[in-house]
Amino acid sequence: MPLGWLFLIVLLIAALGYAAGRRRALAGAGGSLRAMHSLPTAYGWNVAMAVLIPSLLVLAVWSLASPFVLDRTVAPMMAGQDGEIGLLMSDVRRVAEGLDLLGEDPASVSLEGLRERLAGAGVALGQDVSAATLAAAARYKELGARSALLQSVLVLAVALGMGAWAVRRTTPALRARNEVEWGIQGLLIAAALVAIATTIGIVLALIFNTIKFFQLYPASAFFFGTTWSPSFGGGSSLGILPLVWGTLYISLIALLVAVPLGLFSAVYLSEYASPRVRAWAKPMLEVLAGIPSIVYGLFALLTVGPALLAVFGSGGLGWMQGGTAVITAGLVMGIMLIPFVSSLSDDIINAVPQAMRDGSLGLGATQSETIRQVVLPAALPGIAGAILLAASRSIGETMIVVLGAGAAARLSLNPFDAMTTITAKIVSQLTGDQDFTSPEALVAFALGMTLFVVTLGLNILALWIVRRYREQYE
Amino acid sequence: MTDIPLGDAAPAAPRPARSILETDARTRARNRAETRFRAYGLAALLVGLFFLVFLMSSILWNGLGAFTQTRFALDVELLESELDPEGTRDPAVIAKTSTFGYGDLIEAALAKAVAASGIQTDLEPGDLADILSSGAAAQIRDRVTADPSLVGQTVSFDLLASSRVDGYIKGRVTRESLADDKNLSPAHLDIVDALVADGTIARSFNMAFITGADASEKRPEEAGMGVAMVGSLYVMLTVLALALPIGVAASIYLEEFAPKNRFTDFIEVNIANLAAVPSIVYGILGLAVFIQFAELPQSAPLVGGLVLTLLTLPTIIIATRAALKAVPPSIRDAALGVGASRMQAVFHHVLPLAVPGIMTGTIIGMAHALGETAPLLLIGMVGFVASNYPDGALHGFVSPNSAMPAQVYEWAKRADPAFYERAWGGIIVLLVFLLLMNLVAVLVRRRFERRW
């Protein structure tokens with residue numbers, strides 16, 4: 001039975017259960033609401049939830065787990081074949097799926113021309129179907145059908161059984177509202193746990209593949225290697241240092257652009273600007289933060305790069321070879337970060353108590369002296385937090401560097417050289433068809449792990465500083 | 001008396017008489033510093049705003065061209081002897097003629113059109129065809145196979161001009177830049193000039209850019225955003241269907257029910273940190289968990305939606321919690337006071353009042369997700385995949401597709417500058433959607449937000 005139908009049938013059972021539970025409770029109380037513990041709908045929901053939650057849980061777990069179990073059971077049949085077991089199994093799955101599409105019986109199907117017929121049905125195979133593959137596919141198909149049947153039976157049995165049980169125990173005295181609310185609270189907690197599951201998912205995905213990478217490639221060569229030259233034929237050197245250097249250099253330039261501009265804008269907006277100017281200038285500046293990074297990437301590649309090349313390139317000063325360079329990406333990323341720095345600093349400057357300003361102005365300081373000697377020092381920890389957040393943002397930024405910084409990994413001090421970053425290399429190693437057994441693809445996970453650890457560290461530090469600072473003036 | 005001996009110690013030099021109406025040098029210096037400081041602030045702000053204006057005008061300047069396209073109104077004689085020698089008008093027979101078979105018809109028609117414009121040229125008819133898109137033959141063939149009765153007639157077609165001609169009309173390509181271009185020669189441009197003068201070649205609104213699919217590297221003039229837009233739509237539907245309920249449920253728990261303990265603190269710190277994890281890390285998560293581990297199909301908008309759901313959840317949770325926090329406690333107290341349970345107080349009273357805030361947060365979170373590119377690249381939603389519309393409404397979730405920003409990235413990577421115009425144009429489309437979403441968010445906030 002297709003999953004969609006199964007799902008609809010479960011919903012139908014739940015709806016019937018709702019009606020039955022509500023009616024039974026009302027009948028038991030002789031139609032009088034005063035004799036019931038909860039409102040009639042609560043009894044209905046109680047039954048419906050008893051049906052839905054366990055049966056959908058079974059449905060989901062079975063759907064997720066059955067492919068693995070099938071693979072495990074069928075894999076031994078292919079053990080004697082030459083070739084990588086993962087690839088063989090994906091062929092087996094494809095043949096099984098193709099036989100379904102062709103509507104042919106695996107017991108009587110001829111191997112002759114099977115690959116062509118499968119291709120005709122839209123199933124492309126890398127090699128001809130061997131007898132062992134066909135046998136495994138037949139077994140796979142048989143087991144798959146059995147598993148689907150078993151799943152349907154089990155899910156329906158759970159739905160009906162839980163429904164019947166819930167209806168039977170429905171009496172007017174049942175504390176239906178409390179039970180329903182427990183159920184809902186459970187769902188709410190489950191939703192909150194998604195956030196934790198995401199973190200766990202990220203960490204596990206990174207750790208497992210990073211370990212696999214370090215089994216193929218020595219960790220010391222990765223962390224201390226100074227050349228990055230992946231070649232999918234093997235024998236590549238995958239040293240992270242040039243990428244780290246490129247990342248830090250671009251971030252540094254971005255911060256050199258964003259911090260002064262953002263900070264001065266924030267000071268002007270919060271201390272000098274009239275309410276009218278502030279009312280339109282602040283949202284305008286924040287538009288810069290709402291623009292997707294792909295737009296900045298294109299801007300770097302097609303507008304800023306050529307413009308810089310015209311000044312610093314061979315036609316001008318002759319320092320720059322191509323439009324994509326550290327300075328291009330850094331400049332554009334700096335523009336992107338201006339509103340990030342300015343709105344965070346603005347909040348922090350506004351949180352400095354007015355009494356401190358009044359005190360300073362009362363002693364005869366000018367407004368700029370007040371800002372430089374009283375407000376900014378008081379806001380300094382918060383501003384440092386904002387800058388750290390901006391730095392973490394710039395380290396993790398991808399599209400600007402992919403388009404604007406170039407692809408060459410090199411260790412150089414010249415900001416007009418093309419360099420590349422961790423994020424750009426993750427994209428280039430993982431887009432397209434990859435083979436997850438080669439160090440050249442797996443290195444992306446090690447790069448991702450490095451990126452995750454560094455940005456997480458910066459974020460935790462920044463959030464800690466900002467929070468501590470907030471408490472200081474509250 | 002202990003007179004202080006005056007001695008010969010000279011009395012302190014009398015302070016110069018000074019009017020408070022006159023500022024001294026030191027005060028003037030301080031005032032100058034004040035003015036300077038203020039000017040720095042203003043300058044920084046203006047530089048920021050200048051970048052915004054520069055960025056926007058650069059997008060419009062470069063991108064608006066993508067919304068018009070040069071077309072060639074050509075009368076093609078659909079010779080029966082070429083397309084349907086036996087005169088059966090059977091669609092199956094006509095479909096047998098490949099696009100190659102239409103080439104001769106186009107060349108003959110072109111030669112005629114050039115002769116009619118009265119210009120002399122040394123170009124062979126085969127070279128003349130470079131004025132047209134290499135997809136022109138397919139364009140004619142599609143129309144003929146759809147309507148076999150056209151065979152034998154002379155039909156007027158509005159064919160796409162090649163990207164070089166389009167660029168020439170739009171001012172991107174000049175005679176000098178064609179000097180070492182294999183695709184088109186300055187001699188072609190003389191013909192184009194003449195044909196523009198008699199109205200055969202003209203620019204018109206380019207609907208195909210908005211509805212079309214991505215085209216091969218050779219045919220920038222055919223590339224469109226339509227399929228990528230559909231891909232983005234399915235991604236956004238998935239995000240809305242998952243992120244909104246999960247986000248709201250998580251926020252309700254954390255804001256209204258969660259006890260203050262280590263565990264909930266941990267969840268909160270977790271969410272705050274997830275909001276700042278680089279988006280590409282979510283792409284790695286999607287690749288490893290959804291594609292490698294769960295073996296969901298690559299390039300599917302469903303997977304893109306799942307990844308972006310995880311990415312937007314922190315934003316939605318933070319916004320929803322702020323909205324719930326803004327509902328005054330008196331509302332909860334009143335509900336509890338008349339006998340509602342805590343659950344009823346939240347779902348019947350607090351949540352409805354927080355809806356405008358939640359909607360605003362959700363729309364902004366989704367706008368953020370709509371512009372996200374990097375994670376989609378990792379799960380295979382790259383631009384060149386978007387070459388066909390999905391077969392059916394539900395197929396859209398799983399059939400390989402791209403999304404708007406990934407399509408723009410694909411075009412930006414290609415070598416032919418004609419694609420750059422498409423990329424800028426694609427950005428205009430993307431920004432229009434973002435603008436609309438933000439506008440809705442602002443309107444919702446203005447219209448429904450309550451101040452207590």
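**Points on the predicted model**

1. In this predicted model, B:Lys170 and B:Glu421 form a salt bridge through their side chains, with an N to O distance of 3.2 Å. The pair ties together parts that are 251 residues apart in sequence, because B:Lys170 belongs to helix 7 of chain B and B:Glu421 to helix 18 (residues 418-448) of chain B. B:Glu421 is buried, its relative accessible area being 9%.

2. B:Lys170 also meets B:Asp166 in a salt bridge, at 2.9 Å from N to O. These two residues lie four residues apart in helix 7 (residues 163-170) of chain B, about one turn of the helix. B:Asp166 has 3% relative accessibility and therefore counts as buried; B:Lys170, at 18%, counts as buried because the limit is under 20%.

3. On chain A, a salt bridge joins A:Glu142 and A:Arg139, whose closest N and O atoms are 3.9 Å apart. The two are three residues apart in helix 5 (residues 131-168) of chain A, which means a separation of about one helical turn. Are these residues buried or partly exposed? A:Glu142 counts as partly exposed at 41% relative accessibility, and A:Arg139 counts as partly exposed at 32%.

4. The count of salt bridges over all chains comes to 23. A network of salt bridges links A:Arg278, A:Lys282, A:Glu286 and A:Asp346.

5. The interface of chain A and chain B contains one salt bridge by the rule applied. B:Arg30 pairs there with A:Glu369, the closest N and O atoms being 2.8 Å apart. Between the two chains, twelve residue pairs are in polar contact. Helix 6 (residues 176-216) of chain A supplies the largest share of the side of chain A that touches chain B, namely 20 residues. That side of chain A divides into 52 nonpolar, 21 polar and seven charged residues.

6. As to extent, the contact involves 80 residues of chain A and 76 residues of chain B. The two chains bury about 6,800 Å² between them, with 78% of it on carbon and sulfur atoms.

7. The largest nonpolar core has 180 residues, of which A:Tyr296, A:Ile426, A:Leu430, A:Leu447 and B:Tyr282 touch the most other members. Helix 8 (residues 241-272) of chain A gives the largest share of this core, 15 residues. Beyond neighbours within four places in sequence, A:Tyr296 is in contact with residues including A:Val332, A:Ile400 and B:Leu55. Another core, of 37 residues, lies apart from the largest one; among its members are B:Leu83 and B:Leu110.

Definitions and conventions:
Residues numbered from 1 in each chain as written. Chains lettered and ligands numbered in written order. Predicted model: local features only at pLDDT ≥ 70, side-chain atom pairs only at ≥ 80, totals over all residues. Heavy atoms only, no water. Contact = heavy atoms within 4.5 Å. Buried area = accessible area lost by both parts, 1.4 Å probe. Salt bridge = Lys/Arg side-chain N within 4 Å of Asp/Glu carboxyl O. Polar contact = N/O pair within 3.5 Å; in protein donor to acceptor, adjacent residues only side chain to side chain. Nonpolar A, V, L, I, M, F, W, Y, C, P; charged D, E, K, R; others polar. Core = buried A, V, L, I, M, F, W, Y, C linked by side-chain atoms within 4.5 Å. Buried < 20%, exposed > 50% of the residue type's maximum accessible area, 1.4 Å probe, protein only.
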